[in-house]
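Please open the structure in your viewer and keep the selection tool at hand.

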Amino acid sequence: MSPLPPYEKLGSFYLGKKYDVTNRAVENELTMYDSKDLTTHALCVGMTGSGKTGLCLALLEEAAIDGIPAIIVDPKGDLGNLLLTFPNLAPQDFEPWVDNAEATRQGMTPQQFAEKTATRWREGLAQWDQQPDRIARFRDSVDIAIYTPGSNAGLPLTILRSFDAPSPEVIDDAETFRERINSAVAGILTLLGKDADPLSSQEHILLANILDKAWRAGQDLSLPELIRQIQSPPFQRVGMLELNSFMTAEARAKLAMSINNLLASPTFANWLEGEPLDIKRLLYTADGRPRLSILSIAHLNDSERMFFVTLLLGELLTWMRSQPGTSSLRALFYMDEVFGYFPPNANPPTKQPMLTLLKQARAYGLGIVLATQNPVDLDYKGLSNIGTWFLGRLQTERDKLRVLDGLEGAALQSGSAFDRSQMDQLLSSLGNRVFLLNNVHDDAPSVFQSRWALSYLRGPLSRQQIQTLMKNRTTSTASQSADTTAPEPKKSSLNATAPSDARPVIPNTITELFWIPSRLARNATKLIYRSAILGQASQHFVKASSKVDLWQDYSLLLPLENELSDTPWEPATLLEDGQLQLGTQPDSGVAFAPFPDGIVTATGFKKLEAELKNYLYRHESLNLFYCKALNKTSSPGESEADFRISLDIAAREQRDTEIEKLKNKFSTKLQSLKNRIQTAEQRVQQKSEDAKRVKLESIVNIGTSLLSAVLGNKLASKTNLSKAGSAAKSLGRSAQKQSDVARAEESLESLQQQYEELAQQFQSEVDEIENKLNAHSLELETVEIPSKKSDIRLNRLALVWIPWQVDEMGIATPLVEIKA
């Protein structure tokens, strides 16, 4: 196996090569970018044709190869080019994607143009020392998908989840909860074309209060339910004012009608279909593989784009704050054109969450990368939080001045030096694909030319081209959605024994509960209660070596439809957490179906208690995953995919820490050798100059001696002999000086060799750390946590009545959703 190229290092992005501005030439020195620097975010600015998109795609390709997931907002439609990767670089791979119109303009057939493009790409990659197998490595490192919210061209995204109640952790975090509400409300109002100011907009304040009350109660809000609550809010006061004084019923009805019209519009139907807007699903596949999720919004109008990006930023903030802190790069959020979303003076609903991300995302390892060709329309006070600036060719002097202002603000924020005149001069000298890299983590700015992209940059993708790329994915996703969609409510005919309006009498030692309906009865001729046994227990799992000591709670539901077997809990359903909605009194007018004899008795329940413990002991165990390399154990209930995701960031953190220690260990020695080499180079130069001078003196002395002897005709005179002696001595001194030069050069060569050996030793130890802490190759062991039957504690055994509706055909359907 051939060794990897020098740029193929984890945590280091190959962006291009250093560029000599004076001679306008590419140098051999690589431009490597430390991925950890992206936690202080980056901005890429450049006019059309500057190579900005190519550089940003190269950055995303490097992140993907390093296993870093990214959410990519694509307002122009050309970031789908990341899917146009052809490891074979065959003309037939390029042919479906080349521009036929461009081929015609060049006097070529599409086949000829594809062949020319394939050759150009092969040569371009070779020029930048990239082999075709690097394309395959990029493709194999991540899953790439194009999402098209509001359209089914790519993978559709539904926005309905944005109105679901957030987790208790989010609700308990006042700032996160407020931002989540503001994003949801601002998004829907923007789509309606209404004022979304959270302090002055009546509509915003009303909707925020409705969401606040519902979400604090753990209630998800559908759009129909939101419309109903706008008309009849679940509160009578807003602040200090009566509801109708704050906002009249007529104004609320008008707002409800606007949302209803939106909901009824055929064009809005696509917003309600597809995968949920879930940040974790956008960053990782179900098996924990990192993803590049391209959110293409080129097909949306301005208000729809603002609506979607606002909701997305709100979801991203919520997800971010649920992650543990880290100094390593966890994920990227990239927006290809930030124009209009982060302006200097206006206050669109995207501006505040974007500013919050720039200020806080660093602590969570989330890198924000923004790009624009309109540098004037940016809030540079907010962008002072950005540590890396990639600056390409700019269109106007005004653009350059705004960029210089922004760089100066960033320098002040970081406490670094800033030479405005030098930066001005550098910006004026940039050409195509040439960028000024200003990184607060580097000693000084540098200029480089971006490398050749692995992806074929064919320009914006059409709707049909996105459909072609995502055809297999959309079919697969539709199939998965069908598999995971909640099943139709279970239906059955009534028991042979007719239900009774009379409530059965049960022993007072047995707890009796009633499940509150979660769906309304429709076309029902009768409502009945059917009986089931609810068993709730806790099981104790202990293993000191794995640092596990916990009680696992279980809720099982056993329908009483037939006589029970000797193992009665086998057909029971294990319920999800939080779905039990129980009351102590029945609804009026509901009949009761009979249950089998001999079960709902003190003796019957005693037997069920004992059998429940036996069932849990036989069937329920706790298996955890253990990673020896990182000495980490998964949390109870954590899937292998989720555990691998957490290991990925843990491996990055440990890798970054160990490499930083290694740098500190070697830096002093390397710097000392550098200083000695510099001194030795100066010594060689000095000795060489001395040798040249002495040699010249020797030549002059010999020439003078010979000339005197010839002209004076006294070869053996005392003067001539003296001059000849001096010339001979000069030759001796010249030989001595040449010897000094040789010794100085030997000393320099020895120091250079020492430096090279030390640098190789450093790189070898870095490679060893990277190989050891490569998250993709970490091995997992399964650890079984034992439990004793005596460690099972019964919490409750109760008779539960479940409401069913019966239609005119005698078919019964439950009015509750039981999720296993």
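Begin by selecting Arg451: this residue counts as buried because its relative accessibility is 2%, and the cut-off for buried is under 20%. Please bear in mind that the model is predicted.

Now display the surrounding chain. Arg451 belongs to the loop that runs between β15 (446–450) and α17 (463–484).

Next, which residues does Arg451 touch, leaving aside those up to four places away in sequence? Select Tyr14, Leu15, Gly16, Ala58, Glu61, Glu62, Trp128, Gln130, Arg134 and Arg433 to show them. The side chain of Glu62 makes a polar contact of 3.0 Å with the side chain of Arg451. At Ala58, select the backbone oxygen, which lies 3.3 Å from a polar atom of the Arg451 side chain.

Although 420 residues separate Thr31 from Arg451 in sequence, their C-alpha atoms are 9.3 Å apart in space.

Then move to strand β13, residues 388–391. Which way do its side chains point? Thr388 and Phe390 point one way, Trp389 and Leu391 point the other way, and all of them are buried.

Finally, select the strands that pair with β13. Strand β3 (residues 42–45) pairs with β13 in the parallel sense, over four bridges; here Thr388 is the bridge partner of Ala42. Strand β14 (residues 434–439) pairs with β13 in the antiparallel sense, also over four bridges, and there Asn439 stands opposite Thr388.

Conventions. Residues are numbered from 1 along each chain as its sequence is written. This is a predicted model: local features need pLDDT of at least 70, side-chain atom pairs count only at pLDDT 80 or more; totals for chains, interfaces and linings use all residues. Side-chain values use heavy atoms; hydrogens and water are left out. Buried means under 20% relative accessible area, exposed over 50%, partly exposed in between (1.4 Å probe, protein chains only). Helices (H or I, at least four residues) and strands (E, at least two) are DSSP runs, numbered from the N terminus. Two strands pair if DSSP finds at least two bridges between them. Contact means heavy atoms within 4.5 Å. A polar contact is a pair of N or O atoms within 3.5 Å; within protein, one must be able to donate a hydrogen and the other to accept it, and residues adjacent in sequence count only if both atoms are side-chain atoms.
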